[in-house]
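Hi,

Here is the structure I promised to pass on. Have a look at it first, and then read my notes below.

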Amino acid sequence: MTSEEFIKQYERLSKKQKEAVDTIDGPVMVIAGPGTGKTTILTLRIAKILKETDTPASGILALTFTEVGVCNMRVKLRNIIGSRADEVHIHTFHSFARSVINEFEDHFTHLYKNEQITDIEAEALMRDILKQKEFFKLRPLGEPDFYVYKILQTIAECKKEAWDPEMIESFAKEEKKRIETSEDSISTRGSSKGTLKAEALKRIEKCDRTVLFAEVYKKYEQKKKEERKIDFDDLLFELVLSLKRDSLLLQLLQEKYLYILVDEHQDTNDAQNLIIKTIADFFENPNLFVVGDEKQAIYRFQGASVQNFLYFEKIWKDIKVINLEDNYRSHQSI
């Protein structure tokens, strides 16, 4: 049954907005700037799915970036479809990861009784690791804690891009070998003729530091595991790893979520995109709906980029792209 509120909101939409709401099958990408009604379109589309298919409300997954966004989406949806809105899975990426870990706890027994590590605990743990002899290069004379915070930040960034220590070490070693064997690395003039250029030596030094960082990263994760600690970025990283290794968990999630909708998709990082893609890959043409503004990657410091926003366009060649250009929020003079 279509509610009066749905009809009222739907009739206000432009032709392009209605197209975004009505195209409920297959992959769809909506490129929409500020004030183009992204959240309204997304919630009306959920109502349309429930109206025209036999999909249960619990079979719909909607992802956004902030708890405020989750709340706004829930309120808008409840206004349209009533209490069924509470059955739709609306999450931030991190709360979705947490919900999966809680629901399928037997697939995450290694996280049993883990507690979130505090910033102070993380820094203390990192200081202890850097005191080990093999990491003396990362403890400058007079400033032994110089790299503590920077290393923790870099580890957080690696997790957002789904890079584990082994991947980083492998890449750094391959890059070092490539530099050492490249003709472009050999000097052809002056007293350094026939030997590696200073720039090549500098890049090799950076590779060696990256290998060292990978070892620190590995020890940090091992130490956290021993102390039964988990950090904020581990939620997504653990889910990414489990979806790769645990085929039953993956199938359970793929069969559960028949429709996936992602708001503010321009802000996604590699780990988040990998989660979406892995679950959506159950179908050749998944019912995946992503909406965002390619010009406004406000979380770019977290690893997001325009390339991430266009990620799915490269994977599913038949994805439908809808451009929304009219701003319904701002006055014409703005």
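Let me start with α10 and α12, which cross in a left-handed way. Bear in mind throughout that this is a predicted model. The axes of α10 and α12 are 10 Å apart, and the two helices pack at an angle of about 35°. If you want to pick out the side chains, look on α10 for Leu 236, Leu 239, Val 240, Leu 243 and Lys 244; they meet Ala 271, Gln 272, Leu 274, Ile 275, Thr 278 and Ile 279 of α12. Sorted by class, that contact has eight nonpolar residues, two polar ones and one charged one.

Both of those helices turn up again when you look at α11. This helix runs over residues 247–256, and its buried residues are Leu 249, Leu 250, Leu 253 and Gln 254. They sit on the same side of α11, because the arc they cover around the axis is only 130°.

From α6, the contact uses Ala 122, Leu 125, Met 126, Ile 129 and Leu 130, while α9 brings in Val 216, Lys 219, Tyr 220, Lys 223 and Lys 224. Here the count by class is seven nonpolar and three charged residues, with no polar ones.

Last, two spots in the loops have a backbone angle to check. Most residues other than glycine have a negative phi. Lys 113 is not a glycine, yet its phi is positive, at about 65°. You'll find Lys 113 in the loop between α5 and β4 (115–116), and with a relative accessible area of 61% it is exposed. Arg 228 also has a positive phi without being a glycine, with a value near 55°. Arg 228 is in the loop that runs between α9 and β5 (229–230). How accessible is Arg 228? Its relative accessibility is 37%, so Arg 228 counts as partly exposed.

That's what I have for now.

Cheers

Key
Residues numbered from 1 in each chain as written. Predicted model: local features only at pLDDT ≥ 70, side-chain atom pairs only at ≥ 80, totals over all residues. Heavy atoms only, no water. Contact = heavy atoms within 4.5 Å. Helix = DSSP H or I, 4+ residues; strand = E, 2+ residues; numbered from the N terminus. Nonpolar A, V, L, I, M, F, W, Y, C, P; charged D, E, K, R; others polar. Buried < 20%, exposed > 50% of the residue type's maximum accessible area, 1.4 Å probe, protein only. Arc of directions from axis to C-beta. Axes fitted to C-alpha atoms, helices over the stretch in contact; angles between N-to-C directions. Left-handed = near helix turned anticlockwise from the far one by under 90°.
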